[in-house]
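Here's a quick tour of one structure, with the ligand site, a helix pair and some backbone details along the way. Have a look at it first.

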Amino acid sequence: MKAIIACLPGDGIGPEVIEATQTVLQAVANAYGHTFEMENYPIGGAAIDQYQTPLPPFTLEACQAADAVLLGAVGGPKWDSPDAPMRPEQGLLAIRKGLEVFANLRPVKPHPRLLHASPLKMEKIAEVDLIFVRELTSGIYFGQPKRRWVEAGEERAVDTMAYTESEVRRVAKLAFELARQRKRKVTSIDKANVLETSRLWRKVVNEVAKDYPQVTLEHLLVDAAAMYLLQRPASFDVLVTENMFGDILTDEASMLTGSMGNMASASLGDTQNRHGRPRGLYEPIHGSAPDIAGKGIANPVGTILSAALLLRYSLGLEREAEAVERAVEETLNLGILSPDLGGSANTAAMTRKIIEQLDAAAIPT
Ligand code: NAD
Ligand code: IPM
Ligand code: MN
């Protein structure tokens, strides 16, 4: 197959994990007889520095013309001033909105070799296999008004959490569809005891649930959900929630896997690529990690597993996706671990081992 994968390295460790992942994708292409066209485009702080905007129009156009998009991370201290006229993160929000990827899938499945790397007790996390469906293109991240101004002698600021029925319905539907193919349980997380948007959320989720009688639905308030994630993580299957709650809870849930560096994501919507599949945006859930950027020690697993999701969802290459996932597993089994996982392997060494495992397992076509 020929596929165009637009790559957005971004800032900090973004370029490091993207370069590593591109070598893995190239190894997949070689082993299975595919051609992946992987061109880099600027986003985030790098784009602000060079083009005075966090998302240059040509980057968005290239992503819209591609079969799938792979993104590293954006942001960093250089662009962090609260008074800066523009921020790298605006580029990320704009690309998500521009690609209309309203559902952000974040799977959490601790690897047996990494149970010790989690601060939680092994017996709590051994059976965990859950997936978050985070609403990604609405809520408080995008609601208007959103601004800062001076009034009556002091600065004020406002953000708006807003949802429409159809925005909730489409993401809820996707969550129930996923659950139907998994353990048939959906946990919907909201703050319906306080927020109007959450009461709408809960009502729509209940309506969608009627079409899925075989799926069990549980509602949790977000504060309690944060607790249950640590107390009974293995009880969850699909968790669906609004944008900001999903952002926070998935960083919390990353510690079930031992490190944020392990966590992959796929963002999907209704738009299709040339292969009749969803044109997704694939990114690790971590950020630009300024504290370790430039040292070559970033854990590339989250980005490499995001590429596996890309192969599966946007290109329909299930065998290749599984091969990448197995190669990562084997590498972890061999104890080739980056510092965040308690080892001493650098990004290049981990990536090399993953490619070695991939080559060893590849069936020539
Ligand atoms: P972060 O995810 O960058 O880092 C949090 C901690 O996790 C750090 O100690 C970091 O070293 C570690 N870590 C993260 N990824 C790792 C990896 N692959 N390997 C090893 N360790 C890893 O979060 P932060 O420090 O809160 O944010 C830094 C910047 O990143 C901010 O500007 C923020 O806006 C941005 N950010 C971007 C994205 C994104 O582009 N998707 C996501 C989150 C944060
Ligand atoms: C993430 C990040 C982003 C988000 C930021 C950088 C805008 O934290 O991808 O989880 O909040 O969505
Ligand atoms: Mn986040």
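Where is the place of Glu 100? Glu 100 sits in the loop between α4 (88–98) and β4 (103–108); helices (H or I, at least four residues) and strands (E, at least two) are DSSP runs, numbered from the N terminus. Phi of Glu 100 is near 55°, a positive value in a residue other than glycine.

## Ground rules

This is a predicted model, where local features need pLDDT of at least 70 and side-chain atom pairs count only at pLDDT 80 or more, while totals for chains, interfaces and linings use all residues. Residues are numbered from 1 along each chain as its sequence is written, chains are lettered from A and ligands numbered from 1 in the order in which they are written, and side-chain values use heavy atoms, with hydrogens and water left out.

## Around ligand 1

Ligand 1 has 21 residues around it (a heavy atom within 4 Å), and among the closest are Val 74 and Glu 89.

Now the polar contacts (pairs of N or O atoms within 3.5 Å). An N or O atom in the side chain of Glu 89 is 2.4 Å from an oxygen atom of ligand 1. From the backbone, an N or O atom of Val 74 lies 2.8 Å from a ligand 1 oxygen atom, and a polar backbone atom of Ser 288 is 3.1 Å from an oxygen atom of ligand 1.

## A cis proline

Gln 144 and Pro 145 are joined by a cis peptide bond, with omega about 0°. Pro 145 belongs to strand β6 (residues 143–151).

Note on methods:
A polar contact is a pair of N or O atoms within 3.5 Å; within protein, one must be able to donate a hydrogen and the other to accept it, and residues adjacent in sequence count only if both atoms are side-chain atoms.
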